[in-house]
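Please have the view open as I talk.

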Amino acid sequence: LTIDFNQDVSIPNGDLDVDGATTLNALTTIIGPAGNGNPALLISPDNAAGINFVVQRDASGSGTLDIGTSTSHNVDIIANGVTVMTATPAGDATFADDVRVNGLFRYADMSEVTIAAGAVTVTQNLHYIDTEGDAATDDLNTINGGVEGMMLICRVAVGGRDVVFKNGTGNIFMGDSADVTLSTTADNIMLCYYAGAWHVLSSLV
């Protein structure tokens, strides 16, 4: 197989193996049917931008380019021989170093959890908390679902249904050992989970 520079290589049904010393800085490889919106994988050089290779979906198509595996294995992104990010089948992503966001960083929209027997289970970083049976006040002793380093911001679901964060009764601890009561929708509390418990960082009541 001879491939001229600046020429596309289309392999609809098969593998492309390159043996020996090969320079690919002038090649574009398309795996799958190209054009007409077909789902192709395009690997091409972008020397002008100082990038070795660009991976993208066929520009004439639409939809999502999925990079990963259909099995239970992790997906790693490796740079210079070092794994910089690992994605797990459970949907977790772990970065080996700092994460820089050049835009807005936002959590998922607040969702509501309701106290049951003095406890709630959190599933994300922002939650409304409602009292059990819409009671006028309710004690919150335990917050389940925390993982090491997780941040949590809470407010009441409905003004006038007070939620009392109890210090030391369960796994919630305040710096001044005093309970914190959220009464209005303007009240909020921020906690961090570490060493097996929730520790209040700040509260606005």
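When I say buried, I mean a residue with under 20% relative accessible area, and exposed means over 50%, with partly exposed in between. By that cut-off tryptophan 198 is buried, because its relative accessibility is 0%.

Please keep in mind that this is a predicted model. The average pLDDT of the chain is 81, and 65% of the residues reach at least 70. One stretch calls for caution, namely residues 20–26, where pLDDT stays under 50 and where the model has eight contacts beyond four places in sequence.

Now to the cysteines. Searching the whole structure gives zero disulfides. Cysteine 154 is buried, with a relative accessible area of 0%, and cysteine 192 is buried too, at 12%.

That brings me to the aromatic rings, of which the whole structure holds two pairs. In one of them, phenylalanine 105 and tyrosine 107 have ring centres 5.7 Å apart and planes at 75°, so this pair is edge-to-face. Phenylalanine 105 counts as exposed, because its relative accessibility is 62%, whereas tyrosine 107, at 31%, counts as partly exposed.

Tyrosine 193 and tryptophan 198 also form an edge-to-face pair, with 5.1 Å from centre to centre and 65° between the planes.

Notes:
Residues numbered from 1 in each chain as written. Predicted model: local features only at pLDDT ≥ 70, side-chain atom pairs only at ≥ 80, totals over all residues. Heavy atoms only, no water. pLDDT = per-residue confidence, 0-100. Contact = heavy atoms within 4.5 Å. Disulfide = S-S within 2.5 Å. Buried < 20%, exposed > 50% of the residue type's maximum accessible area, 1.4 Å probe, protein only. Phe/Tyr/Trp six-rings, centres within 6.5 Å; stacked < 30°, edge-to-face > 60°.
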